[in-house]
Amino acid sequence: MTVTAPDLKAFLLATPFFGGLPDGSLDLLMSMLVERRFEAGNTVVAEGEPGRSMFIVKSGRLAVSKRTHTGRVIPISVLERGDFFGEMTLIEMQNRSATVVAEMPTVLYELTAKNLYACYKADIHAYVIVLQNINRELCRRLRRADERFARRAADNED
């Protein structure tokens, strides 16, 4: 189902992914989003599978995890309203790096790589803003991961 909800624009502008987009550019990207619904326990994406889309969380809660080489599941993070995921596959064209499972009924908006490319062709300015927003979020995530790594290393020194 294509997204057309009147309050969607305000929601999207408040997310880190769509921040700073002018109205016309936001309208273009909104027309490309597809709403996806998942029940609690449903896997949205699985680590290692091909991925050609990303998701913005409208509602619900999702658990992100990775498997170790021994098969143990390691929790990575929790995603809630306004968060986005799957963007790495759009940038590096690699398989999914983690598994994401809905912890409760969840509504997501999906943006495919094909539609992001269409945005590039139609509105290069919007495309650049979206990529900048993705890069900012990836930098935030890297900083948080660095902090966790440093804390864990410091704890092991004691």
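Predicted model: local features only at pLDDT ≥ 70, side-chain atom pairs only at ≥ 80, totals over all residues.
**Entry 1**

Cys119 has a relative accessible area of 0%, so I note Cys119 as buried.

How many disulfides does a search of the whole structure find? I wrote down 0. As a reminder to myself, a disulfide is a covalent bond that joins the sulfur atoms of two cysteines.

**Entry 1: helix H2**

Next I turned to helix H2, which covers residues 23-32. Which of its residues are buried? I found Ser25, Leu26, Leu29, Met30 and Met32. Looking down the axis of H2, I see these buried residues fall within an arc of 155 degrees, so they line one face of the helix.

Then I asked what covers the buried residues of H2. My list includes three helices, namely H1 (8-13), H4 (113-122) and H5 (124-157). It also includes strand E1 (34-38) and strand E8 (106-112).

Setting aside residues up to four places away in sequence, I find Ser25 touching Asp123 and Ala126.

**Entry 2: the largest pocket**

Today I went looking for open space. The largest pocket has a volume of about 660 Å³. I count 28 residues in its lining. Which of them lie nearest the centre? They are Val64, Ile76, Ser77, Met88 and Arg141.

I then checked where the lining comes from. At least two residues each are supplied by strand E4 (61-67), strand E5 (73-80), strand E6 (84-85), helix H3 (87-92) and H5. H5 gives the most, with 7 residues. By type, I noted 14 nonpolar, 5 polar and 9 charged residues in this lining.

**Entry 3: Ser77, from the pocket lining**

Ser77 is one of the residues nearest the centre of the largest pocket, and I place Ser77 in strand E5. Is Ser77 buried or partly exposed? At 32% relative accessibility, Ser77 counts as partly exposed. Leaving out neighbours within four places in sequence, I see Ser77 in contact with Leu62, Ala63 and Val64. Val64 is another of the residues nearest the centre of that pocket.

I also compared Ser77 with Val100. They are 23 residues apart in sequence, and their C-alpha atoms are 9.5 Å apart in space.

**Entry 4: the second largest pocket**

I moved on to the second largest pocket, which holds about 230 Å³ of space. What lines it? I listed Ile74, Pro75, Ile76, Ala145, Arg148, Phe149 and Arg152. E5 and H5 each supply at least two residues of this lining, and the largest share, 4 residues, comes from H5. I noted 5 nonpolar residues, no polar ones and 2 charged ones.

Glu137 lies in H5. Its relative accessible area is 10%, so I mark Glu137 as buried. Not counting residues up to four places away in sequence, Glu137 touches Pro16, Phe84 and Arg144.

Asn135 also lies in helix H5. I read a relative accessible area of 43% for Asn135, so Asn135 is partly exposed. How far from Met104 is Asn135, C-alpha to C-alpha? I wrote down 28 Å, with the two residues 31 apart along the chain.

**Entry 5: Met93**

My last stop was a loop. Met93 lies in the loop between H3 and strand E7 (99-102). I find that phi of Met93 is near 55 degrees, which is a positive value in a residue other than glycine. Its relative accessibility is 43%, so Met93 counts as partly exposed.

Terms used. Residues numbered from 1 in each chain as written. Heavy atoms only, no water. Buried < 20%, exposed > 50% of the residue type's maximum accessible area, 1.4 Å probe, protein only. Arc of directions from axis to C-beta. Contact = heavy atoms within 4.5 Å. 1 Å grid on protein atoms, 1.4 Å probe; cavity = no way out; pocket = protein on both sides within 12 Å on 5 of 7 lines; lining within 4 Å. Points joined across faces, edges and corners; volume = space filled by probe spheres on them. Nonpolar A, V, L, I, M, F, W, Y, C, P; charged D, E, K, R; others polar. Disulfide = S-S within 2.5 Å.
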